[in-house]
Amino acid sequence: MDLFKPMDSNAPKEASKGAGMPEEHVKVLILGSGPAGYTAAIYAARANLSPVVYEGIQPGGQLTTTTEIDNFPGYPQGITGNEMMEDLKKQAMRFGTEVRFGLATATDLSQSPFRVTIDEEKVIVADALIIATGATAKYLGLETEEKFKGQGVSACATCDGFFYRGQDVAVVGGGDTACEEATYLSGICRKVYLIVRKPYLRASKAMQDRVFSTPNIEVLFEHVTQEIKGDMSGVNGMVLVNGKGEKVNFDITGFFVAIGHHPNSDIFKPYLDTDEVGYIKTVPGTTKTNVPGVFACGDVQDPHYRQAITAAGSGCMAAIDAERYLGERKF
Ligand code: NDP
């Protein structure tokens, strides 16, 4: 799911003029409402910077699509993603953060203060900008995958798994996400096929062990999805190609894609340096981008760790970096 809507390559400068749109000035604008965005908001609010957070299309970010979080320090019994994000939001609001529903649709970062168009209807003019827009799930790119999106094809087992109780489903991918999704679905569904294009899993040893010890998960190594089959009522099968080049058919009703993520940086690309995948580049050890006054934190700038705790840590850094930037320039 896109957190922030990308624009076509020629649009940013045009749209960013925001001709005729109402404007509002804020000191610190934070885009994104995952652990990075809310942690930045908590720190910025406590520094009296009156931050405004725009939540994006998926309020609470990716954690709201997971079930239990067992690896965030401070929760010995674990916590659900939704609960944690609600708590973070309340904590940010307690110190005066204004949290708004809305989507950043264009930017003009060519000069300070920065201009960010929200929902193509108003412009926020910000002295400092913190980008915490996260990353979005990738899809395989098959025509039939697109056709059945929302009708059997999903990128979020914890969101949609419930609909496939007692049925046979497939998960594609060989990383931690795929293993986690397959394990989650194994508790709901009758059978889970895990489709892995290589002869091994990329996931951590612990995740692999969970998959291999779950009786109703069958790992299909060296299999590639060729087609998802279905009719008016949704998905009813898939065609895979095995390592010998043979086509194999399976009856399934749910097809879950778990092959990684795309950083939500498209609207910033005309101004900010990114790597080849699109992750925003920051000065090592800081959240500073190549534009002074614009900071990036969380998954949108992190191709390596991508954890809630690292996102939260970098959100804290972004708020401190923004506070220093504003202090030095006496905004
Ligand atoms: P990864 O990039 O780690 O893995 C993506 C997987 O999808 C790989 O196995 C890759 O195959 C496969 N893949 C990619 N493209 C295709 C394709 N077109 N067709 C078939 N397969 C494809 O992404 P994840 O989302 O799994 O994990 C991202 C990061 O988040 C990792 O660092 C991970 O450790 C972390 N994470 C941690 C969790 C935890 O600790 N609880 C839970 C979930 C994620 P190949 O191996 O061949 O490249």
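Two strands count as paired if DSSP finds at least two bridges between them. Strands are DSSP runs of E, at least two residues, and helices are runs of H or I, at least four, numbered from the N terminus.

Quick notes on the source. This is a predicted model, so to speak of local features we need pLDDT of at least 70, side-chain atom pairs count only at pLDDT 80 or more, and totals for chains, interfaces and linings use all residues. Residues are numbered from 1 along each chain as its sequence is written, and side-chain values use heavy atoms, with hydrogens and water left out.

Strands next. Take β15, residues 234-241. Six of its eight residues are buried, so the rest of the structure largely encloses β15. Buried means under 20% relative accessible area, exposed over 50%, partly exposed in between, with a 1.4 Å probe and protein chains only.

What pairs with β15? Strand β14, residues 224-231, does, antiparallel, over seven bridges. Ile 228 has Met 238 in β15 as its bridge partner. Two residues make the hairpin link from β14 to β15.

Then β16, residues 247-250. Four bridges tie β16 to β15, again antiparallel. Val 239 sits opposite Asn 249 of β16. Five residues separate β15 and β16 in their hairpin, and there Gly 245 has a positive phi near 85°.

Now helix α7, residues 205-212. Met 207, Gln 208 and Val 211 are buried. They span an arc of only 100° around the axis, which places them on the same side of α7. That arc is taken from the directions from the helix axis to the C-beta atoms. On the other side, Lys 205 and Ala 206 are exposed.
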